[in-house]
Amino acid sequence: MVSRVIPVDPFDLVVFGATGDLANRKILPGLYRRFFAGQIPEGARIIGAARTEMDTAAFRAHARAAIDEHVGAGKRDAAQIEAFLGILEYVPIDAMGEGGWTTLKALVRPQLINAFYFSVAPALFGPLAERLHAFGIAAAEARIVVEKPFGRDLASAKALNATLAEHFDETQIYRIDHYLGKETVQNLMAVRFANILFEPLWNAQFVDHVQITVAETVGVGGRGSYYDKSGAMRDMVQNHLMQLLCLIAMEPPYHFDPDAVRDEKLKVIRALQPVLAADIVRGQYLAHRSDDGKGHQPGYLEDAENPDSRTESYIALRVHVANWRWKGTPFYLRTGKRLRARTSEIAITFKEPPHSIFDEADETWRENVLVIRLQPNEGMNLKMMIKEPGPGGMRLVQVPLDMSFAEALGEDGADIPDAYERLIMDVIRGNQTLFMRGDEVEAAWAWTDPIIEGWTARGDRPQGYDAGSSGPEDALMLMHRDGRRWREIRE
Ligand SMILES: NC(=O)c1ccc[n+]([C@@H]2O[C@H](COP(=O)([O-])OP(=O)(O)OC[C@H]3O[C@@H](n4cnc5c(N)ncnc54)[C@H](OP(=O)(O)O)[C@@H]3O)[C@@H](O)[C@H]2O)c1
């Protein structure tokens, strides 16, 4: 299988926050990879902007360093890098100030596609939008890209939406959730809606439960005091896990069209039931001492620089989607820091056949499970029961039908584009399907807010869990009491 690269139309892309971590790790290397793949057309220009005073030559050197650090050796071609750096410009601009904007205006060509990536703190979204307008830089069709976090509750998300709406139409606003840019996530829609196989079984009658896991091995050290104001619910569940849940639970859209897809996702969010206190487990990772007793790895409270913190670095929830399709099928969500392995997956466990004609001792083997792996090694895996090969009588064995995208795509497989690459190209193409609409974000906060208010009012404390484990004990109980168990967290 060979993946096709279809060049986009010429564009001017302005990256505000071009000297920041995200630009350095994802945006600039991602744009270079698209350039290397032949997707960036002749005449396109990428303009970096931030407060740091430097000229274009210095910015190009900065971008070269980012490419050297974050692009694999196989794609670091000297001539290509040189050519890519040639399309970069830099303008020093303070989002809160008035300097630099006329220089930027002179660089942005209104006859081309114009996109403005706000890779800066959300407090700067308003000032940037205002100035792009005031200085007449944003053409009528211009697109803006905004990063998470999009608000910290319903009120702040509404305020942010209102600020952006003063200057840009919803069709111009691209709210990034990079989980939606993953190959597997889009493939999930293809598997569901381009095959007849699963859809008849995709409901409470045949699906026992769904597990969505996003596990990280890193802690919050380095940005602990910042993280402490948010926590796993705000940082991960309200956006990434919610988006994954929507793609699993949504009805088929009438067409693969941005608003049709987003309308269906919105209906899922609105159908989410309030979550009972008994269906929530929160945790904080504990300090860890290495076996030789020498190394000390700080616990969450130390990392957060807040010994009284009640912010969770882990959360597990049992969630119900109250509609005809899903009534009775629980969705178990969990995400956390400092867990056993770095992995993200969705597992759909189907019900057992109603009656077994085989003598099988191990009943748990009879479930079919469809696992959608987001990382590492994006792919899908369907666990099926077959007869164990050989003459030893009729014995059953569970085998995985495994589809690793890396393997399936052959040489190209190792090169599945990073989510940011895909999403930025979608912005240039003007395709909003994989971006969150304002009402979706608000609905997600409307569901999240009462959950957070609930545990705040009750004064709940997160339970400690060992670093490198699969989370707090109570999270195991959340499943055990339903006669189910979490899938193992492993790479
Ligand atoms: N890093 C990630 O992995 C990640 C992941 C998801 C979302 N995000 C979001 O992406 C955004 C950027 O994150 P980041 O990690 O790149 O942050 P960062 O490393 O702190 O970078 C912030 C950028 O904004 C610029 N900046 C700050 N104040 C400015 C001002 N007044 N006017 C113009 N530019 C200004 C900074 O450059 P100067 O100091 O030179 O002005 C820098 O380029 C944030 O909203 C963050 O929440 C980041």
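Helix H13 (residues 419–429) lies across strands E1, E4, E5 and E6 and runs at about 140 degrees to E4. Helices (H or I, at least four residues) and strands (E, at least two) are DSSP runs, numbered from the N terminus. Contact means heavy atoms within 4.5 Å, and angles, from 0 to 180 degrees, are taken between N-to-C directions of lines fitted to C-alpha atoms, for helices over the stretch in contact. The model is predicted: local features need pLDDT of at least 70, side-chain atom pairs count only at pLDDT 80 or more, and totals for chains, interfaces and linings use all residues. Residues are numbered from 1 along each chain as its sequence is written, and side-chain values use heavy atoms, with hydrogens and water left out.

**The parallel sheet**

- An open sheet of 6 strands has the order E3-E2-E1-E4-E5-E6, with parallel pairing; two strands pair if DSSP finds at least two bridges between them.
- Strand E3 (88–92) and strand E6 (173–175) are the edge strands, and each pairs on one side only.
- From one strand to the next, the twist averages 20 degrees.
- Strands E4 (residues 113–118) and E5 (residues 143–146) are joined in the parallel sense over 4 bridges, and Phe-118 stands opposite Val-146 in E5.

**The mixed sheet**

- The order of the 9 strands in this open sheet is E16-E15-E14-E13-E7-E12-E11-E8-E17, and the pairing is mixed.
- Strands E16 (396–404) and E17 (463–465) each have a single partner strand, so one side of each lacks a neighbour in the sheet.
- Strand E11 (residues 314–319) pairs with strand E12 (residues 331–336) in the antiparallel sense over 6 bridges, and Arg-318 stands opposite Tyr-332 in E12.
- Helix H14 (residues 438–458) packs on the sheet and touches E8 (280–285) and E11, its direction making about 70 degrees with that of E8.

**The ligand**

- The ligand is surrounded by 21 residues, and the closest are Thr-19, Asp-21, Arg-25, Thr-52 and Val-120; a residue counts if one of its heavy atoms lies within 4 Å.
- The shell around the ligand divides into 10 nonpolar, 5 polar and 6 charged residues; Ala, Val, Leu, Ile, Met, Phe, Trp, Tyr, Cys and Pro count as nonpolar, Asp, Glu, Lys and Arg as charged, and the others, Gly among them, as polar.
- Helix H1 (residues 21–36) gives the most to this shell, with 3 residues.
- One nitrogen atom of the ligand lies 2.7 Å from a polar side-chain atom of Asp-21.
- An oxygen atom of the ligand is 2.8 Å from a polar backbone atom of Val-120.

Conventions. Polar contact = N/O pair within 3.5 Å; in protein donor to acceptor, adjacent residues only side chain to side chain.
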